[in-house]
Structures are given as C-alpha cells and as structure tokens.
Amino acid sequence: MATKIFKHLQTSVVPLPIENIDTDQIIPARFLKATTREGFGNNLFRDWRFDENDNPKEDFVLNHPTYSGKILVAGKNFGCGSSREHAAWAISDYGFDVVVSSFFADIFKGNALNNGLLPIQVSDEFLKNLFEAVFSDAHAEVEVDLENQFIKIVSTGEQESFEINPYKKACLINGYDDIDYILSNKGLVEEFEQK
Amino acid sequence: MGQTLFDKIWDAHVVSNNEGFPDILYIDTHFIHEVTSPQAFDGLRQRGLPVFRPKQTVATADHNVPTWDQHLPIKEELSRYQVDMLTKNCAEFGVELYGLGHPYQGIVHVIGPELGITRPGCTYVCGDSHTSTHGAFGAIAFGIGTSQVEQVLATQCLLQQRPKRMKIEVNGQLQKGVGAKDIILYIISKISAAGGTGYFVEYAGDTIRSLSMEGRMTICNMSIEMGARGGLIAPDQTTIDYVKGREFAPKGEEWDKAVAYWQTLYSDADAQFDSELYFDAADIEPMITYGTNPGMGIGITQHVPETASFEAKEQGSYAKALNYMGLHDDESLIGKPIDYVFIGSCTNSRIEDLREVAAFVKGKHKADNVTVWVVPGSKQVQIQAIEEGLDKIFEAAGFPLREPGCSACLGMNEDKIPAGKYCVSTSNRNFEGRQGPNSRTLLASPLTAAAAAITGKVTDIRAFLSESEFAEF
C-alpha cells in the first residue's frame with residue numbers, strides 16, 4: 001500500500017525552541033480516543049495552544065500570525081515519551097511535512113518516517129543558526145532535499161547534510177511501505193517458524 | 001569475541017538481514033490494547049489481510065477503562081466506543097481478548113508476566129512504550145507505533161534496525177527505604193531523559209540481581225524514560241521460580257527444555273557494549289522528581305537545582321518546567337503539601353507494591369488534605385489483594401482499592417488530577433498535563449507515595465519510620 005511521498009521542499013518554518021517536547025504535549029492522551037488517523041491536527045500542542053476555555057493562547061507560536069510553513073523546528077530530544085503514533089499524525093495533519101531538531105526520540109522518529117513525515121536531525125550549531133535566522137526574519141525559508149540529503153537556510157546559504165537510513169529514504173521517495181516489503185519475504189518468515 | 005545477551009536473543013529472531021535493509025525480526029508475542037490498535041485493524045481491512053498469527057496476539061482493555069463499576073457499561077461515549085471497537089476487532093480477526101470483566105484483564109505489562117506469557121529469550125512488542133517492562137525476564141521487548149502494530153498483525157515480524165548496546169551496572173547494598181523505583185529514578189536523573197536514546201540497556205550488578213521479578217519489572221519499565229527502546233536483565237533462578245507454574249508457562253518436558261535454554265541467556269564475560277555505566281547502590285536516596293520529565297529527579301533531601309547551573313541554551317526550558325510545577329530554584333521538597341497520591345500504573349501496581357503500601361499504612365489514616373487512589377494492575381492483583389485483606393487496610397486508612405487499569409498515569413479515563421494540584425505518583429511520567437490538564441506530578445516509589453498519603457506532604461520515608469517498623473519490609 002503506497003504511503004505519502006516526500007522528495008523536496010522549500011518553505012518558511014515554525015520555530016518552537018523548547019527542549020524535551022514529549023508526545024503528551026504534541027497530543028495529550030485525552031485526545032487519543034479516536035479510532036481513525038484523521039483530525040488530530042486540531043489538537044496538536046493542545047494545552048500550549050489553547051487555554052482551559054479553548055481560547056487560543058496568543059503567546060504560542062502556532063497562534064502567531066507571523067510564523068507559518070511546512071517545517072517545524074524544535075529543541076533537542078523531540079518526541080520523547082509515549083509511543084503514540086497519534087503524535088506524528090497530529091503534526092502531519094496540521095500541515096507539517098518536516099520536523100527539524102538536534103535530537104529525536106527513537107519511537108517518534110520511526111513513527112514519523114512511517115507516515116511520510118521527515119525528521120531531520122541537525123547539529124546544535126545549525127539548529128541555533130536556524131532559530132536565529134527565523135527570529136530575525138519570520139519569512140526566512142529553508143530548503144530540504146531528501147534525494148541529496150541536505151538542509152539549507154536559504155537566506156544565509158548555510159547548509160548541512162543529514163543522515164537517513166537508505167531503506168527509509170527509498171520508502172519516502174517512492175512511497176514504499178514496510179508491510180509490502182515483509183510480505184514479499186513471507187516465504188522466509190514461514191521457513192523461520194519451522195526452525 | 002563473546003556476545004551480549006541482547007545480541008543472542010536478537011540473532012535468534014532474525015528472519016532476514018538483507019544488505020541495505022533493516023533486519024526482519026520475528027516477534028513471538030504481540031500485545032495489543034484499545035488505544036493504539038483500531039487504526040491498525042483498519043489498515044488490515046484496507047489491505048484485505050488477516051491477522052497472520054492470531055494465536056501469538058494477546059489483547060486487553062486497559063488505557064481507557066474506568067476504575068469503578070467495571071461491570072457497568074462505560075459511561076463516557078468515546079471511551080466506550082473505543083473499547084467496543086477492540087472487542088469487535090478481536091472477534092473479527094480471531095484474537096483472544098481479556099476484556100473488562102475477564103479474570104485476566106489488566107494493564108498489558110502486568111498481565112503478560114503474571115500469566116506466564118512473558119518468558120526469557122523471547123521477543124515482545126506492543127503499541128505502548130512501556131513494553132520495555134517485559135525485558136525483566138531476559139527478553140527483548142519494546143514499544144512500537146500503530147503502523148508497526150499493523151505490520152506485526154500482518155506479518156508477525158517487524159522491520160527493525162539493531163540498536164546499540166549499553167550496560168548499566170548497580171552494585172552494593174541499598175539503604176533502608178530505598179527500592180527499585182528509586183534505583184531507576186536515580187539512574188535517569190544521572191543520565192537524563194535522552195541519555196539512553198539509540199540503545200538497548202542491559203541492567204546488571206549484584207543490586208539488580210538481588211531484586212524480585214517485580215522490582216526488576218519496575219526498572220525495565222522505565223528504560224524508555226531515559227530514551228532507551230528497552231532494557232533487559234539476564235534470567236536467573238529468581239526468574240525461573242517466578243515463571244514456573246503460571247497459566248501459560250511451559251509444562252513438563254517443555255519446561256525442562258525451556259529452562260535449559262534460559263540458562264544459556266547471559267552476556268558473555270568478554271562481550272562488548274557500546275557504552276557502560278556503573279552506579280553505587282549506597283549513593284541512592286529515596287527519589288522524587290521536581291520537573292516535567294523523568295530525568296528531573298533528586299534525592300528527597302536535596303534541593304531543586306538552580307537555573308544558573310544549566311547551560312544558557314537549556315535555561316529557558318528549565319525555567320518553563322519549574323514555572324509549570326510552581327517550584328523555584330533551591331527549594332526543598334520535604335514538607336511541601338500535596339493534594340493527591342496515585343499508587344498504580346505498569347510501573348508500580350503489582351501485588352508487592354500493594355503489600356508494601358499496606359504494610360506501611362496499616363493502622364494509620366490518610367491526611368485530610370489528600371485524595372488517594374490505589375489502582376491494582378490487573379484483576380488478578382485486585383483479587384489477590386482482597387484475599388490477603390489489603391483492601392481492608394486501605395479502606396481503614398481512608399482510601400478504597402479501585403479496579404484495574406492505567407488510570408491516572410495518563411488520565412485517559414475520568415481519573416484526572418485537577419489543574420494546579422500536586423500528585424505524588426508511583427507512575428512513570430511527570431510530563432506537563434500527563435495526569436490531567438495542568439496537573440503537577442511528583443514521581444516517587446510506592447513507599448514515598450504512601451508516606452505522603454499519611455502526612456499530606458512530601459516526606460522522607462527514612463525519617464518517618466522507626467527502625468522497628470523498617471523490619472517489616
């Protein structure tokens with residue numbers, strides 16, 4: 001079954017310079033009662049974004065009219081905590097295609113990749129410069145090239161290459177799916193079970 | 001060169017390792033629950049696939065269930081729908097379900113071990129990050145996302161990159177009043193909430209070895225709180241004694257064969273780890289967290305760290321955490337009034353936890369300012385607690401024993417801590433809003449939680465107990 005394809009992107013970014021953003025912040029547990037994958041974007045960062053009366057909090061970046069774009073940039077250890085894939089669904093559903101951080105939690109990274117959401121791990125230095133670029137110009141654009149594995153701050157030209165597992169890269173570029181791959185090896189699985 | 005325990009088990013489960021691809025890893029048992037499985041079953045329907053090995057799939061309802069009146073229909077509509085969906089999916093795909101009312105129902109990481117489903121040398125996954133708990137038996141167990149739940153339902157396999165290996169050794173004698181929960185909170189406070197990311201941890205050393213299986217489960221359970229995908233402990237006689245005779249444990253000849261294999265499961269003396277850490281048990285105090293991730297913990301007599309002690313780029317996040325918690329630099333937590341105590345979760349809701357709490361609160365009464373929730377990990381734990389008369393002790397102390405589920409650990413059901421209130425909790429996460437919007441969580445051991453229930457404030461269990469009372473533990 002084909003999944004979302006990702007190859008290249010150039011957009012402005014949304015900065016969230018907070019460390020250790022856990023999946024309970026991305027999508028609180030009380031919103032995990034849905035039985036489909038859609039609609040989680042409405043509750044992305046729910047308790048940071050809205051007050052207890054559901055009014056938008058003006059000081060939160062997603063409510064700030066200046067910042068927009070398809071790339072979320074966050075502090076280190078993004079996506080720690082619960083394995084809920086709803087976190088990746090919420091970020092995608094809101095409209096992001098890429099998350100940039102200097103460090104990702106393992107399960108979140110895997111969940112993101114399985115949903116066509118590209119997690120890009122950059123150096124502390126690059127992250128700092130990226131935040132500076134966007135805080136000095138909210139419309140600063142960033143280019144992401146998956147094929148050639150680099151991310152670039154367009155205004156300054158500063159670029160950095162990023163790592164990605166070659167199999168996962170091929171999945172994103174071609175829309176391949178893990179289940180199709182394992183099913184193509186079903187004979188081996190059955191053979192293994194006989195051992 | 002020798003092999004680590006982790007590699008021995010991993011290698012025995014590799015179906016295929018094609019160059020340029022992650023390994024195809026065979027999964028012995030797949031646990032599922034109501035919250036992270038509905039979209040996976042939908043995926044199977046869309047693909048027209050059955051569950052590949054339904055007999056190796058075990059389902060229960062735990063995350064989203066009430067902890068009162070479980071015999072009645074669930075009141076909250078969305079929760080009821082989600083639990084009903086699990087029942088429907090299990091029936092349609094031929095998966096055994098230990099649903100509400102079933103004698104085996106309970107938190108997925110409590111029921112697997114108590115039913116003898118969790119065993120050394122096997123691989124376990126579940127759409128829940130605390131699947132690491134099962135590693136206590138010398139197994140590879142870790143949490144996965146829903147796309148991977150679908151993958152395992154469809155193929156009984158998982159496409160997975162082999163992680164790095166870390167060894168954490170704890171040696172020496174624990175102080176009185178210090179237990180497994182304090183050990184793991186201490187380790188996480190030392191290496192941070194991200195210190196284990198990319199690794200699978202093996203816990204070793206004589207302190208770890210001296211723990212009961214339930215203590216070992218508490219340790220492995222919180223591996224994910226340092227970012228590690230999982231943690232495991234080599235099986236020994238304690239492990240074998242625990243598994244023997246349980247409902248689904250091997251019997252007769254199969255048992256002897258299994259034990260012979262389990263005895264080969266240890267890291268060779270010359271095995272290489274990618275990282276090794278050593279801790280002295282004597283350094284560990286009763287622990288408590290003060291911040292909004294499990295790495296933000298201190299010994300109970302210590303003070304909240306100063307913001308200035310952190311690197312400049314970390315100070316913003318640190319100040320945000322303290323502000324959320326309503327705490328300030330250099331504050332001592334001892335004596336701080338609290339509002340709630342939660343004893344439960346896959347970390348600390350087993351019979352030993354309840355016994356320890358009962359032994360402490362027996363003949364005492366909770367403080368007036370505190371609401372106490374004791375939630376057993378499973379129906380079997382609940383029944384055993386009643387058989388041992390623990391429910392009477394709790395009742396007399398001013399808090400009834402509730403019914404099993406994940407409850408206030410994540411506040412998916414109605415068991416939520418109100419905004420601004422402090423809860424001393426035996427669960428595993430103190431994230432913002434984890435136990436309810438704007439709730440404030442202080443993670444601690446069952447003993448420290450029990451002491452807070454009685455005094456109504458954060459209490460050093462060592463000062464509270466006389467030497468003679470300690471003898472009971």
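**View 1. Meet the predicted model and its scores.** Welcome to the structure. For the model, ipTM stands at 0.96 and pTM at 0.97. Chain B has a mean pLDDT of 96, with 98% of its residues at 70 or more.

**View 2. Chain A on its own.** Take a moment with this chain before turning to its partner. Eight helices and seven strands make up the secondary structure of chain A. Its radius of gyration is 18 Å, close to the 16 Å given by the globule rule for 195 residues, so chain A is as compact as a globular protein of that length. Along the principal axes, the C-alpha atoms of chain A fill a box of roughly 60 × 45 × 25 Å.

**View 3. Chain B on its own.** Here the secondary structure comes to 17 helices and 18 strands. With a radius of gyration of 22 Å, close to the 23 Å that the globule rule gives for 473 residues, chain B is likewise as compact as a globular protein of its length. The box filled by the C-alpha atoms of chain B is roughly 55 × 55 × 50 Å, again taken along the principal axes.

**View 4. Where the two chains meet.** How many residues of chain B are in contact with chain A? There are 66 of them, and they touch 54 residues of chain A. The size of an interface is often given as the accessible area lost when the parts come together. For chain B and chain A, the buried area is about 4900 Å², and 59% of it is on carbon and sulfur atoms.

**View 5. Polar contacts, and the side of chain B that touches chain A.** Across this interface, 27 residue pairs are in polar contact. Several elements of chain B each supply at least two residues to the side that touches chain A, among them strand S1 (14-16), helix H3 (77-93) and strand S8 (157-160). Which element gives the largest share? That is H5(B), with seven residues. By type, the residues on this side of chain B divide into 26 nonpolar, 26 polar and 14 charged.

View 6. Side chains of opposite charge can pair when their charged atoms come close.

**View 7. A closer look at A:Lys76 and B:Glu314.** These two side chains form a salt bridge with an N to O distance of 3.1 Å. A:Lys76 sits in the loop between strand S2 (71-74) and helix H3 (86-94) of chain A, and B:Glu314 in helix H11 of chain B, so this pair joins two chains.

Key. Residues are numbered from 1 along each chain as its sequence is written. Chains are lettered from A and ligands numbered from 1 in the order in which they are written. This is a predicted model: local features need pLDDT of at least 70, side-chain atom pairs count only at pLDDT 80 or more; totals for chains, interfaces and linings use all residues. Side-chain values use heavy atoms; hydrogens and water are left out. pLDDT is the predictor's confidence in each residue, from 0 to 100. Contact means heavy atoms within 4.5 Å. Buried area is the accessible area (1.4 Å probe) that two parts lose on being put together, summed over both. A polar contact is a pair of N or O atoms within 3.5 Å; within protein, one must be able to donate a hydrogen and the other to accept it, and residues adjacent in sequence count only if both atoms are side-chain atoms. Helices (H or I, at least four residues) and strands (E, at least two) are DSSP runs, numbered from the N terminus. Ala, Val, Leu, Ile, Met, Phe, Trp, Tyr, Cys and Pro count as nonpolar, Asp, Glu, Lys and Arg as charged, and the others, Gly among them, as polar. The radius of gyration is taken over C-alpha atoms; the globule rule is 2.2 Å times the number of residues to the power 0.38. A salt bridge is a side-chain nitrogen of Lys or Arg within 4 Å of a carboxyl oxygen of Asp or Glu.
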